[in-house]
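This report describes the model shown below.

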Amino acid sequence: AMQVVNRSGLAGDLYFFGLSSAATNVPSGGKYLVEVAFYNNFNRPVGLSQLIFNIGTHGFELESGFAFATGNYNKIIFRFYYQNATGRAWFDDAFLIVAP
């Protein structure tokens, strides 16, 4: 899943982001993560940050961190990945906040 945020900003902008996720029987390999990517006017990435969730089975856990724009941008894409052949994952309470 993905959320596009149409927001312009400058190189050096910092955001705090995170997400809660629960999982059942998540195997190793594949992708189980959340990422924030900044894109410029030419639709090229100018910053990317990822948070990787624990594999296996677990209740909701929160992962959070910072995303940093390395260039001027006009949109932010917030992506949630679960790409595994087996198991299930649930995502909840996503946030993306401009850091002071």
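## Pairing around strand 6

In strand 6, Lys75 is the bridge partner of Tyr39. This pairing belongs to a predicted model. Strand 3 and strand 6 pair in the antiparallel sense, and nine bridges join them. Strand 6 covers residues 75-83, and strand 3 covers residues 31-39.

Strand 6 also pairs with strand 1 (residues 2-5); the two run antiparallel and are joined by four bridges. Within this pairing, Val5 stands opposite Ile76.

## Overall architecture

The chain contains zero helices and seven strands, and its pattern along the sequence is β-β-β-β-β-β-β. The C-alpha trace spans about 40 × 25 × 15 Å along its principal axes.

Of the 100 residues in the chain, 39% are buried. Among contacts in the chain with a separation of 6 or more, 77% are between residues 24 or more positions apart.

Three strands form an open sheet in the order 5-2-7, with antiparallel pairing. Strand 5 (56-68) and strand 7 (88-98) stand at the edges; each has a single partner strand, so one side of each is left without a neighbour in the sheet. On average, neighbouring strands of this sheet are turned by 10° against each other, with direction ignored. Strands of a sheet pair through backbone hydrogen bonds, in either a parallel or an antiparallel arrangement.

Strand 2 comprises residues 14-26 and pairs with strand 5 in the antiparallel sense over 10 bridges. In this pairing, Tyr15 stands opposite Ala67 of strand 5.

## The nonpolar core

The largest nonpolar core has 18 residues, of which Phe17, Val34, Val36, Phe38 and Tyr73 touch the most other members. Strand 2, strand 3, strand 4 (45-52) and strand 6 are the elements that give two or more residues to this core. Strand 2 supplies the largest share, five residues. In soluble globular proteins, nonpolar side chains tend to be buried together.

Leaving aside neighbours within four places in sequence, Val36 is in contact with Phe17, Gly47, Leu48, Ser49, Ala67, Ile76, Ile77, Phe78 and Leu96.

## Aromatic pairs and cluster

The whole structure holds 12 aromatic pairs. For Phe16 and Phe66, the ring centres are 5.2 Å apart and the planes stand at 45°, so the pair is tilted. Phe16 lies in strand 2 and Phe66 in strand 5, so the pair ties together parts that are 50 residues apart in sequence. Phe16 counts as partly exposed because its relative accessibility is 29%, which falls between the limits of 20% and 50%.

One aromatic cluster is formed by Phe17, Tyr32, Phe53, Phe78, Phe80, Tyr82 and Phe91.

The side chain of Arg79 makes a polar contact of 3.3 Å with the side chain of Tyr39. Apart from neighbours within four places in sequence, Arg79 is in contact with Ala1, Met2, Leu33, Val34, Glu35, Ala37 and Tyr39.

Asn72 lies in the loop between strand 5 and strand 6. With a relative accessible area of 48%, Asn72 is partly exposed. A polar atom of the Asn72 side chain lies 3.0 Å from the backbone nitrogen of Ala11. Not counting residues up to four places away in sequence, Asn72 touches Gly9, Leu10, Ala11, Asn40 and Val46.

How far apart are Asn72 and Phe60 in space? Their C-alpha atoms are 34 Å apart, while the two residues are separated by 12 residues in sequence.

Methods
Residues numbered from 1 in each chain as written. Predicted model: local features only at pLDDT ≥ 70, side-chain atom pairs only at ≥ 80, totals over all residues. Heavy atoms only, no water. Pairing = 2+ DSSP bridges. Axes fitted to C-alpha atoms, helices over the stretch in contact; angles between N-to-C directions. Polar contact = N/O pair within 3.5 Å; in protein donor to acceptor, adjacent residues only side chain to side chain. Contact = heavy atoms within 4.5 Å. Core = buried A, V, L, I, M, F, W, Y, C linked by side-chain atoms within 4.5 Å. Buried < 20%, exposed > 50% of the residue type's maximum accessible area, 1.4 Å probe, protein only. Phe/Tyr/Trp six-rings, centres within 6.5 Å; stacked < 30°, edge-to-face > 60°.
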